[in-house]
Amino acid sequence: MKKPLLSLVNLNKYFGDFHVLRDISFDIEKGEFLTLLGPSGCGKTTLLRCISGLESIDSGDILLNGESIKDLAPNRRNVNTVFQNYALFPHLNVYDNICYGPRVKRTLTEEQLKEKVREALDLVQMSGYENRMPHQLSGGQRQRIAIARALINQPDILLLDEPLGALDLRLRKHMQAELLQLQKVTGTTFVYVTHDQDEALNMSDRIVVINQGEVQQLGTPLDIYNNPKNLFVAEFIGDRNILEVDVLEWAEGSAKVGLGSQVVQIGNGRHQLYAGERAVLAVHKDKMRISCTPVPNALVTEALSIHYAGSQIRIELAVVHETEAGRERITVILYQQGDCECRPGDTVWVSWDADGAVLLPLEPGWQGRVLV
Amino acid sequence: MTKANRWQTIYLAVFFVILYLPVLSVILYSFNANPSTAKWTGLTLDWYRELFDDLKKHQPARYSSSAFKWQSSLPRFPLC
Amino acid sequence: MKALRQNALAIPILIWFGLLVGIPLVYVVVVSFLSRDDLGNIVWQFTLDNYRRILDPVYLRVFVNSFMLAFLTGLVTLLIGYPVAYITSKLDPKRRSLAIGLIILPFWISSLLRTYGWVILLGNWGIINNVLMALGLVDQPLQMMYRFGTTLVGTAYMLIPFMIIAVYNSVDKLDKSLLEASYDLGASKRQTFLRVVLPLTIPGIAGGFTLVFMPALGLYFISDLLGGGQTVFLGNLIHTLVNRGRNRPLAAAFSVGMIVMVILVVSIYSRLTKNQKEGLLL
């Protein structure tokens, strides 16, 4: 069996009484682009700092190439970090900033360094900037120098802590593509921290979704997007309508659920559930369709409002119940005007693609119902 | 940033001891029975008694004798 | 016109400055070019004699003494004070404010009194000698008073808070992520200190040095009390010339010489921090 590059084994970390990381265990493969994704304060940055050694861990282990590095100081670990604020040394020019690692470790002669720095600057497309001071560079340029400064050490893993957070949207998109290219060219393993799900879905080979210090799900972007393991992931990733339903019948691969008096058949039934249980049905807003005439396996709703927002059309609907109280709100996002041109007050039938919906166990204390 | 370690804490403590040593010496010798600082001849509160007697005698205590001395030592530049 | 209006608020301050600093300064410079009569009164007669006299080797020696004292005071306070400032900045907030309070507190105690404390400590029959003799470490009292070193101890002791506060301010402003980046890139703590912390705190060091150097040039009561007049410094000389020698023009010439030394140090300081500012604007 192939050995993983980095293994986290039952890692726990406390800040005082606060349990920041709970029993984190997963492997990172050599050469992959792995993203730690979660809301702010979920512990993803702390996890990154535990790997780099800037934070100690309270229990568990971290294995790099099969050897424990949990007791090594950060300067003894062959991993490098690109910090959120870049952390370029303000008193050193670009050349000396990039040379910092090899110089303190005395791994290269000044002659070799010259060549290496040239290569590194070439890689991040910053040739000719050797003599600039950090304050003379733009945000994106500093970003690149920070990456070059880390990569020149040929780390086993490059850790990136929300590196694009401070850039504007256009530059962010551009840097995303560049980072991917860089990762491919150098073959370095990237561990990338972000709270931006688009960034994670676009760039990663695999994503680790973290919430409240716990790993929620680990998988490919497609897997995480389409098959959320729990309610948190369903709510956090993508843009879904989440409805509380009664499980009427359940079998592997298909289920029948009730929403008030309405009953629909669900194709996706991979989470074990039992008839009579309450559950949630999560459907991507852009994988729903509307019809002005009755269609099978659809929810009957009343149109509330229609917004035209550039390329997309947002339609707000309310599920029709026998009583007026507690009508769930459903949002449908269309990219093309279909046959059904509804107006507020019209009755509309809503259905969805089989792969757009997922049925999940209800979690105690969940308060996410959106009512009209 | 790493926390201060043991040696650093000790350094700081030693520094503060030296910083306050002269001040504490002055306070200590204010209880010396001998009027000279060269000899220690036991504890006394005489100097404090004298100080408070003085304060009572010269009602406006602000004008202590040292202030007069200070005034007389002012350089007298001619006004030209 | 607009500039005038904007600076209008500064005018009262400038007037005060002119009155309290400018006029005495001009007065000193003017007097330094005048003569005196036998009674010590100033005579309105231009002369360069005073400046000729301060270049006399005997008097130049005084300049050297003072410069050495001020320079060494800067050095000693830096070597002792830098670690204090650095460690203080690493304490948790509660202890940090306590430490800063303890550093500033002596300022509120008369400096004469604190210097006198050293006399009690270092005198031939002082506390230290008594303790050493009681322990049997020495047979007769160590001569610690009335040396150049004693004056240095007293001056450094008096001025070290300035150094600590100046260095502390620049250490405290240091971006902690730079230290982390340094460790992350493979530097040890020592390397990080030498390559990141020290260069980035040069403005604090230069500022502290200037703050210590300038008063150290002029303090005279410390060398009177602790040095016993064994080494003559500018402060003592000027003090004596004014009060006993009654030679104010010569005293004024010495003062001008001292001011030139201070200006020299301040210009070095401003050059050091100007270079640094370019890098600190990140």
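Guide: Salt bridges across the interface of chain B and chain C: the rule, a side-chain nitrogen of Lys or Arg within 4 Å of a carboxyl oxygen of Asp or Glu, finds 0 of them. On the side of chain B that touches chain C, the residues split by class into 20 nonpolar, 5 polar and 2 charged; here Ala, Val, Leu, Ile, Met, Phe, Trp, Tyr, Cys and Pro go down as nonpolar, Asp, Glu, Lys and Arg as charged, and the others, Gly among them, as polar. Polar contacts do turn up: 4 residue pairs, both partners at pLDDT 80 or more. Such a contact is a pair of N or O atoms within 3.5 Å; within protein, one must be able to donate a hydrogen and the other to accept it, and residues adjacent in sequence count only if both atoms are side-chain atoms.

Keep in mind that this is a predicted model, where local features need pLDDT of at least 70 and side-chain atom pairs count only at pLDDT 80 or more, while totals for chains, interfaces and linings use all residues. Side-chain values use heavy atoms, with hydrogens and water left out, chains are lettered from A and ligands numbered from 1 in the order written, and residues are numbered from 1 along each chain as its sequence is written.

As for extent, 27 residues of chain B are in contact (heavy atoms within 4.5 Å) with 38 residues of chain C. About 3,100 Å² is buried between the two, 75% of it from carbon and sulfur atoms; that's accessible area (1.4 Å probe) lost on putting the two parts together, summed over both. Of the 2 pairs of chains in contact, B and C share the most contacts. Chains A and B, by contrast, do not touch, with their nearest C-alpha atoms 9 Å apart.
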